[in-house]
Amino acid sequence: MNIKYVNTRFGTFALMSENGALTALKSVSEAGVDNSCPILEKAEKALRSFENGMRFEDEIPVNPKCTPFQRKVYEEISKILPGETASYSEIAQRIGNKNASRAVGQALNKNPIWIFIPCHRVIGKNKALTGFAGGLELKKMLLEHERNVYFAKSSAICTAFVAAPFRT
């Protein structure tokens with residue numbers, strides 16, 4: 001396993017990879033010692049591009065350890081563009097099970113790459129901000145950043161956070 005620490009205005013994150021794919025992102029109180037690799041360098045560039053409201057063209061291969069249902073949810077939420085949101089029930093409908101909104105929420109709670117697989121873009125049916133691995137304050141900050149940056153620059157869409165095809 002490789003690890004790279006990245007300080008951003010959103011906080012300090014530990015990016016982790018295995019076998020050439022991003023596998024986890026964790027919020028940490030301080031940076032540790034890096035054991036980086038090319039995929040993590042690319043992921044850091046994507047995170048910096050996102051932070052600065054710039055376009056990042058390369059795909060980041062991701063490989064979250066997840067169930068087939070979670071993978072289906074993660075693939076669906078990866079289609080939500082920066083500055084946009086969807087509700088848990090909308091995601092449930094999109095994956096073909098309109099009664100699975102709680103299961104969608106549970107899947108998102110287990111999302112190990114929660115900025116790259118953008119679960120912060122999933123909100124309650126009544127537009128309320130609900131659970132997020134990084135905390136509700138960070139969720140609010142990420143959504144406001146996307147709305148301000150990406151709606152102000154409608155041509156700039158950070159493709160780094162439209163996850164690359166999942167590796168199996």
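This is a predicted model: local features need pLDDT of at least 70, side-chain atom pairs count only at pLDDT 80 or more; totals for chains, interfaces and linings use all residues.
In what order do the three strands of the open sheet line up, and is their pairing parallel or antiparallel? The order is β1-β2-β3, and the pairing is antiparallel. The sheet's edges are β1 (2-8) and β3 (21-28), each of which pairs on one side only. Going from one strand to the next, the twist averages 25 degrees.

Let's zoom in on one pair. β1 and β2 (residues 11-18) run antiparallel to each other, with seven bridges between them.

Helix α1 covers residues 38-51 and lies across β1, β2 and β3. Relative to β1, helix α1 runs at about 15 degrees.

Here are the elements with their residue ranges:

| Element | Residues |
|---|---|
| β1 | residues 2-8 |
| β2 | residues 11-18 |
| β3 | residues 21-28 |
| α1 | residues 38-51 |

Zooming out, the chain has five helices and five strands. Along the sequence they come as β-β-β-α-α-β-α-α-β-α.

Now for some whole-chain numbers. Of the 168 residues, 49% are buried. Among contacts with a separation of 6 or more, 63% come from residues 24 or more positions apart. As for the surface, the chain exposes about 8300 Å², and carbon and sulfur atoms supply 48% of that area.

Note on methods. Residues are numbered from 1 along each chain as its sequence is written. Side-chain values use heavy atoms; hydrogens and water are left out. Helices (H or I, at least four residues) and strands (E, at least two) are DSSP runs, numbered from the N terminus. Buried means under 20% relative accessible area, exposed over 50%, partly exposed in between (1.4 Å probe, protein chains only). Contact means heavy atoms within 4.5 Å. Accessible areas come from the Shrake-Rupley method with a 1.4 Å probe; for residues, only the protein chains shown count as cover. Two strands pair if DSSP finds at least two bridges between them. Axes are lines fitted to C-alpha atoms, for helices over the stretch in contact, and angles run from 0 to 180 degrees between N-to-C directions.
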